[in-house]
Amino acid sequence: MSLSSALAIAQSSLLNNGRQTSVVSRNVQESKNPDYTRRVAVVSSQAAGARVVDIQRATNEQLFRQNLSALSSWSGQGTLSSGLEQLEISVNGIDNSSTAAAVLGKFQQALQTYSASPSNRTLAENTIDAARQVVRTLNGGTASIQSFRVDTDSQIAGAVDELNQLLAQFKDVNTAVTTGTRAGRDVSDALDQRDALLKKISEYVPLSTLSRSDNDMVLMTKDGATLFEKVPRTVSFQASSSYGAGSAGNPVYIDGVPVGLGSGGNTDASGKIAGLVQLRDGVASQMQGQLDEIARGLITAFAEKGTAVADRPGLFTWPGAPAMPAAGALVDGLAGSIRINAAFDSSAGGNPDLLRDGGANGAAYVVNTAGNAGFADLLIAYGDRMDQPMAFDPSVGLTTNISLSNFSTAAIGWFQAVRKDASEGAENKEALAARTQEALSNATGVNVDAEMSLLLDLEHSYEASARIIKAVDEMLAALLAAVG
């Protein structure tokens, strides 16, 4: 090998060494950045040594897609779980202290105590007061649920705005990637930025990606709606300032396709938006329906009955009085409109003894016709009706033929089961997201120990090249001295 060839090889080695050292140093510097992907300097052999021909990113498309899917599932599940915690406290109180079942239990106790001493006016007042608390709880529960739906609606609007902003940022970064690729520039940093945006977008909606020429990318939801193709597609939503029981919320549209409603505590909804929609139109609406059915059950159980006359609302009444609610059919918003019949309310000029005697709807409904102060048959009958099976609407998700007391208890059990499944699902999906992120990081992230080892090898290579140059320099000097 000639001295000029040896010198050229050594110079090439130093140049490559500098570029490789720069790449490794950048890797170490960005090792704490979760959105950074490890870079590798690709060296190719040449006639006189070798040269760095490309800087490549470490990638694993399969792991990356799995991570996007896991992030989306965790986001939807976590949104549902945290929302259920808020809904439970606002409607049921801490430790279920303000549930319909709790106040119904106290009302039944007051009714039983009154039936044991029907001549005691104080016990009559106590029973009416306990009934009034049942009404307050149903009215308050309805107000809390609809307020929760309004708040959730506002969160949906905020999430849609944030998603549109992310898609706008994605357009800018995707353009930088495609134009840089066409120009032959290093687009590693832009690709890192794009991947980071994909992770953020997947927290709102489940993503499916399609790569095209020049590193261009198309984004779709798993339902097939296009999110981005050259330009962001419209994600639209019209928020509502108020909700009534039974009213459906406005859908979120992605390129004209509505976002689907998830189901179950361990939900199949992916992404924050789907989780919020399930809270608003799924869980909260079903909870409202159960309260409405409890209200209907109370009106039915305490209806006044007479001979050859239609049943009429008694202690508990509603805006449809004097008619009775249809048996086994949900009346939307009934829990919010149920009231204590003024005929029983002494504060409104009524007589609480009518609960014992009957007759709030006229003489045809009087049961204690003899006016006996110790008459307890009607009070006992009311208590029995609360413990007898009645028909409930199947749309509210509970047993359709069950007593009012058991139905109210089943409503608590249903909610707690959904909340428990949601909480466990959130833990499991968080763990899956963490595992897929760890696997992705192991495949594409920076291992500082490995990089430092490579840096040491590059240092040794630098020293070897420097020694070659020094040796060639000495040999050339000796040769010149001999010729001179």
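Reader: At roughly what angle do the axes of helix H3 and H10 cross?
Author: The axes (lines fitted to C-alpha atoms over the stretch in contact) of H3, residues 100–116, and H10 come within 9 Å, where a helix is a DSSP run of H or I with at least four residues, numbered from the N terminus. This is a predicted model in which local features need pLDDT of at least 70 and side-chain atom pairs pLDDT 80 or more, while totals for chains, interfaces and linings use all residues. Residues are numbered from 1 along each chain, and side-chain values use heavy atoms, without hydrogens or water. With angles running from 0 to 180 degrees between N-to-C directions, the axes cross at roughly 155 degrees.

Reader: How are H3 and H10 oriented to each other?
Author: Angles over 145 degrees count as roughly antiparallel. H3 and H10 are therefore roughly antiparallel.

Reader: Which residues of H10 meet H3?
Author: Contact means heavy atoms within 4.5 Å, and from H3 the residues involved are Ala101, Leu104 and Gln108. Their partners in H10 are Ser405, Ser408, Thr409 and Ile412.

Reader: Which element gives the most to the lining of the largest pocket?
Author: The one that gives the most, with 7 residues, is H5.

Key:
Helices (H or I, at least four residues) and strands (E, at least two) are DSSP runs, numbered from the N terminus. Angles under 35 degrees count as roughly parallel, over 145 as roughly antiparallel, 65 to 115 as roughly perpendicular and the rest as oblique.
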